[in-house]
Structure formats: C-alpha cells, structure tokens
Amino acid sequence: MEESKEYEVINKMNIISGFFWRFIERIGRQGIALLVYLILARLLLPEDYGTLAILQAFITISEIIVTGGLNNALMQKKDVKDEDFSSILYVSLGVAFLAYICIFLAAPYIAIFYGNAALILPLRIIALIIFPYALNSVQIAWSFRNGFYKKTCFAQIFAVTFAGIIAIVLAYYDFGIWALVVNSLLCSTCICIVLQFTISWHPKLIFSWKRSKKLISYGWKIMVVNLIDRSYVEIST
C-alpha cells in the first residue's frame with residue numbers, strides 16, 4: 001500500500017512537472033518565434049511569406065503522414081520497450097523517404113498549379129525537414145516517457161533562437177524566401193542535435209516488425225484524425 005501511494009505521488013509530480021515545462025516551452029518558443037517574425041517582417045517582402053505559407057501547407061501534411069501518430073503511440077502504450085523506439089524511428093524514416101520522393105517529383109506540377117516556377121527549388125529543399133521531424137518525434141516520445149521535460153524545453157527554445165538569428169542575418173543580406181526556408185530547416189535540425197547530446201537515448205541497429213505493427217495499429221487512428229484536422233486548416237492556404 002505504501003509503495004502504491006508513493007508511486008501515485010511520484011506520478012502526480014511527474015505530470016505536474018510535465019505540464020509546467022511544456023507551458024514554459026510553449027510560451028518561450030512562441031514568444032521568441034513571434035519576435036523573430038516581427039523582425040523578419042521588416043526585412044522581407046509579403047510575397048516571401050506567401051510563398052512560405054504555400055510550402056508549409058504541403059510540409060505540414062507530410063509531417064503528419066511521416067509521424068503517423070506513432071509518437072503518440074510510443075508515449076501512451078504501457079508495454080513499450082527500448083527496441084520499439086528504434087523500430088519506429090526506422091519506420092518513420094522510411095515513410096519520410098517516400099514522402100520526400102513524392103514531394104520532389106510533384107514540385108514542378110505544384111509550381112505550375114500556382115503559376116510560380118520559383119516554388120520548385122524551395123519546396124524541394126524545405127521538404128528535407130521531414131527527416132529531422134521523423135527523428136525528433138521519437139526523441140520527444142522517449143523524453144516524455146522518461147521525464148526529460150526540462151531538456152526538451154531548453155532544446156526547443158535554443159533551436160528557435162539560434163535558427164531565428166541565422167534567418168535574420170540572411171534576411172538582412174537579401175536572401176528573401178531562403179531566410180524563411182533555412183529558419184524552418186535549421187530549427188528542426190537543431191532540436192535533434194541538441195537532444196542527441198542531452199538525452200541518453202540513441203538509435204540502435206535493432207528492428208522488430210511485430211512490435212512495430214502493434215504501435216502502427218494504435219497510431220494510425222491518431223494520424224487520420226490529425227490529417228483531417230490539418231487538411232481542413234491548410235485548405236485555405
């Protein structure tokens with residue numbers, strides 16, 4: 001009984017700590033991002049932001065497909081083992097590769113649809129962001145399951161700050177839309193790099209399709225819900 005009560009107390013403390021650091025992360029990240037975009041708005045043209053909105057609409061949908069609700073499955077399933085994290089990472093990277101090939105090949109047709117040939121290269125470059133998305137989704141899932149909320153918070157805030165500074169410098173030197181593309185790419189990549197050095201989980205050369213199928217069967221429902229929600233939001237773009 002005493003052990004059960006002690007476990008409940010520890011669990012409640014972890015939940016409170018998680019909410020607190022998630023709140024700090026959300027406020028810090030959005031506050032810094034807002035400041036960065038206010039500065040960039042003074043340096044870039046409205047057309048640059050319009051182009052980014054078009055690119056981001058496709059990337060957002062791709063991100064949902066790549067993660068496939070699998071990060072939620074890793075965080076919520078009770079019997080998750082260490083091999084599950086590596087297995088899901090390889091599944092996500094495989095899906096990311098297929099998604100990138102689709103975007104790469106579709107880029108000229110997307111540019112034709114919008115009547116803007118300048119979309120092709122930025123779309124193909126910014127689409128690379130789905131690879132760090134795949135890694136980061138597993139890193140975040142592992143961090144949350146093991147209570148590393150603080151490290152995740154600082155990784156997110158550092159990444160958005162560093163990427164923002166680089167984007168401002170590029171915008172100042174008239175790189176236009178590329179300042180926004182680099183900002184997005186660099187932010188996601190920095191989060192992955194920082195977490196690789198600050199948490200104790202690293203990908204291993206192990207894969208279990210049997211266990212992956214269980215997580216996929218759990219996560220695909222979440223993916224469908226997220227996909228419908230984000231598609232509805234992005235359709236206006």
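Predicted model: local features only at pLDDT ≥ 70, side-chain atom pairs only at ≥ 80, totals over all residues.
Me: How do you know that the span of helix α2 agrees with its number of residues?
Reply: Helix α2 covers residues 46-67, which is 22 residues. At 1.5 Å a residue that should give 32 Å, and the end C-alpha atoms are 31 Å apart, so the two values agree.

Me: Which residues of α2 are buried?
Reply: Quite a list: D48, T51, L52, I54, L55, A57, I59, T60, S62, I64, V66 and T67. They get that label because each has under 20% relative accessible area.

Me: What makes E25 and R22 a salt bridge?
Reply: Their side chains meet at 3.5 Å, N to O. The cut-off is within 4 Å, so the pair qualifies. Both residues lie in helix α1, three residues apart, or about one turn of the helix. As a general point, side chains of opposite charge can pair when their charged atoms come close.

Me: Is E25 buried or exposed, and how do you know?
Reply: E25 has 7% relative accessibility, and buried means under 20%, so E25 counts as buried. R22 has a relative accessible area of 33%, which falls between 20% and 50%, so R22 is partly exposed.

Me: How many salt bridges does the structure hold?
Reply: Two. Besides E25 with R22, the side chains of K204 and D82 meet at 3.0 Å, N to O.

Me: Why can you say that K204 and D82 tie parts together?
Reply: K204 sits in the loop between α8 (177-198) and α9 (209-234), while D82 belongs to helix α4 (residues 82-114), so the pair links parts that are 122 residues apart in sequence. K204 is at 37% relative accessibility, so it counts as partly exposed. D82, at 34%, is partly exposed too.

Me: Why is L35 called exposed?
Reply: The cut-off is over 50% and L35 has 51% relative accessibility, so L35 counts as exposed. L35 is in helix α1.

Me: What makes up the nonpolar patch on the surface?
Reply: L35, I39, L43, I165, V169, Y172, Y173 and F175 form it, with about 810 Å² of accessible area together. The elements giving two or more residues to this patch are α1 (2-43) and α7 (149-172).

Me: Which residues lie nearest the centre of the largest pocket?
Reply: R29, E63, Y133, N136 and Q156, out of 41 residues in its lining. About 1,400 Å³ of space lies in this pocket. Elements that each supply at least two lining residues are α1, α2, α3 (70-76), α6 (130-145), α7, α8 and α9. The largest share, nine residues, comes from α2.

Me: What lines the largest cavity?
Reply: K77, D79, V80, D84, R211, K214 and L215 do. α9 gives the most to this lining, with three residues.

Me: Why is that space called a cavity?
Reply: The name applies because a 1.4 Å probe fits inside but cannot get out, whereas a pocket is an open set. About 50 Å³ of space lies in the largest cavity, and the count of cavities of 30 Å³ or more comes to one.

Key: Residues numbered from 1 in each chain as written. Heavy atoms only, no water. Patch = residues over 30% accessible without salt bridge, like charges linked within 9 Å, V, L, I, M, F, W, Y side chains within 5 Å. Areas by Shrake-Rupley, 256 points an atom, 1.4 Å probe, with all protein chains shown as cover. Helix = DSSP H or I, 4+ residues; strand = E, 2+ residues; numbered from the N terminus. Buried < 20%, exposed > 50% of the residue type's maximum accessible area, 1.4 Å probe, protein only. Expected span 1.5 Å × (residues − 1). 1 Å grid on protein atoms, 1.4 Å probe; cavity = no way out; pocket = protein on both sides within 12 Å on 5 of 7 lines; lining within 4 Å. Points joined across faces, edges and corners; volume = space filled by probe spheres on them.
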